[in-house]
Amino acid sequence: MEKEKLKIAVQKSGRLFDDSIGLLRKCNIHINNGRDQLKASASNFPVEVLYLRNSDIPNYVESGVADLGIVGENLLVETGKEVEKVLPLGFSKCRLSIAGVKGRPLRDLKDLEGKTIATSYPNTLRSFLDENQISASIHTISGSVEIAPNIGLSDYICDLVSSGSTLFKNGLEEKVVLLKSQACLIQKKSLSPEKEAIRDKLVFRIEATLQAKLNKYILMNVPNGKISDIIELLPGMKSPTVMPLAVEGWSSVHTVIQEEEFWEILARLKEHGAEGILVVPIEKMIL
Ligand code: PRP
């Protein structure tokens, strides 16, 4: 009998594709990247990857065609499908925002009253307008939303903003942020115990990979008289490792620090006498 496989839906093309496949690869799951095929099995892990249109993924996961999916939170909010969020994945960070012509500030949300807003996110926009008791007309279009104000189709747009360069190129600026989004792993409401066990193994690998990305391993040489000062500066996982060097009076101090704080900490370590500081990427990290 063929062993049970977990079906995971990923974007066939678009902003999430590279990072989704890259994440699975970093979890040591070997799959064909399959741009020309609709599904591919991993050779060393019981998953089958389904390459689907982004907008269809929440639906396929809700109906159980796929067990898991990788999608942007923006799409989950828009489609309102009954799926469970398993964990945020830290990539494809963006905002869903209302934008308008540069240099015409929106002083108050009430300035949107009676205006036309073009979007591919009509449900999210409708909820936002209703919550704020604004009556505006929504023009739903499926792509190239940012062109709408320039061709007289709408006064504003409501679209995804990441770097902001699309808005900039079209003479638009962000006025109001409706929601912040990133890619996340979703699953259908109930999985068989066998599939739950595979999901747990996959989530364990993903978490170890994401943790590793957020942290750096650092090692440095420290005069023994300065070790306690240096340890004070290190947030570390538990307590740093301190090992004597071959040179009398010096030690090697090793620890793990979060990527976001390491520039500030590095400068302070140097000021407090650390030398030969090395910062090394971490392959996997289990807390
Ligand atoms: C989104 C959005 C904008 C662009 C914004 O499109 O619709 O066009 O990204 O990104 P930026 O702020 O970095 O310029 P996406 O690439 O997701 O494709 P889509 O047109 O299919 O929505």
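This briefing covers the ligand site, salt bridges, a surface patch and selected loop residues of the structure above. The model is predicted. Three nonpolar residues, I147, I151 and L153, form a patch on the surface.

**Ligand site**

- A polar side-chain atom of S163 lies 2.6 Å from an oxygen atom of the ligand.
- Backbone atoms also take part: a polar backbone atom of G164 is 2.7 Å from a ligand oxygen, and a polar backbone atom of S162 is 2.8 Å from an oxygen atom of the ligand.
- On its own the ligand has 500 Å² of accessible area, of which the protein covers 62%.

**Salt bridges**

- Side chains of opposite charge can pair when their charged atoms come close.
- K195 and D67 are both buried.
- R107 and D111 form a salt bridge in which the closest N and O atoms are 3.5 Å apart.
- R107 has a relative accessible area of 72% and is therefore exposed, the cut-off being over 50%.
- Another salt bridge links E173 and K175, with 2.9 Å between the closest N and O atoms.
- E173 is partly exposed, its relative accessible area being 27%.

**Surface patch**

- The accessible area of I147, I151 and L153 together is about 260 Å².
- I151 is located in the loop between strand 8 (137-140) and strand 9 (156-161).
- With 56% relative accessibility, I151 counts as exposed.

- Q182 is in the loop between strand 10 (172-181) and strand 11 (183-187).
- The relative accessible area of Q182 is 17%, so Q182 falls under the 20% cut-off and is buried.
- The side chain of Q182 reaches the backbone nitrogen of G90 at 2.6 Å.
- Leaving aside residues up to four places away in sequence, Q182 touches V71, G72, E73, P88, L89, G90, F91, S92 and K93.

**Residues with positive phi**

- Most residues other than glycine have a negative phi.
- S92, which is among the residues that Q182 touches, has a positive phi, near 55°.
- S92 lies in the loop between strand 5 (84-88) and strand 6 (94-101), and at 16% relative accessibility S92 counts as buried.
- N28 also has a positive phi, with a value near 60°.
- The loop between helix 1 (17-26) and strand 2 (39-41) contains N28.
- N28 counts as partly exposed, at 40% relative accessibility.

Notes:
Residues are numbered from 1 along each chain as its sequence is written. This is a predicted model: local features need pLDDT of at least 70, side-chain atom pairs count only at pLDDT 80 or more; totals for chains, interfaces and linings use all residues. Side-chain values use heavy atoms; hydrogens and water are left out. Patches are made of residues with over 30% relative accessible area and no salt bridge: like charges are joined within 9 Å, nonpolar side chains (Val, Leu, Ile, Met, Phe, Trp, Tyr) within 5 Å. Accessible areas come from the Shrake-Rupley method with a 1.4 Å probe; for residues, only the protein chains shown count as cover. A salt bridge is a side-chain nitrogen of Lys or Arg within 4 Å of a carboxyl oxygen of Asp or Glu. Helices (H or I, at least four residues) and strands (E, at least two) are DSSP runs, numbered from the N terminus. Buried means under 20% relative accessible area, exposed over 50%, partly exposed in between (1.4 Å probe, protein chains only). A polar contact is a pair of N or O atoms within 3.5 Å; within protein, one must be able to donate a hydrogen and the other to accept it, and residues adjacent in sequence count only if both atoms are side-chain atoms. Contact means heavy atoms within 4.5 Å.
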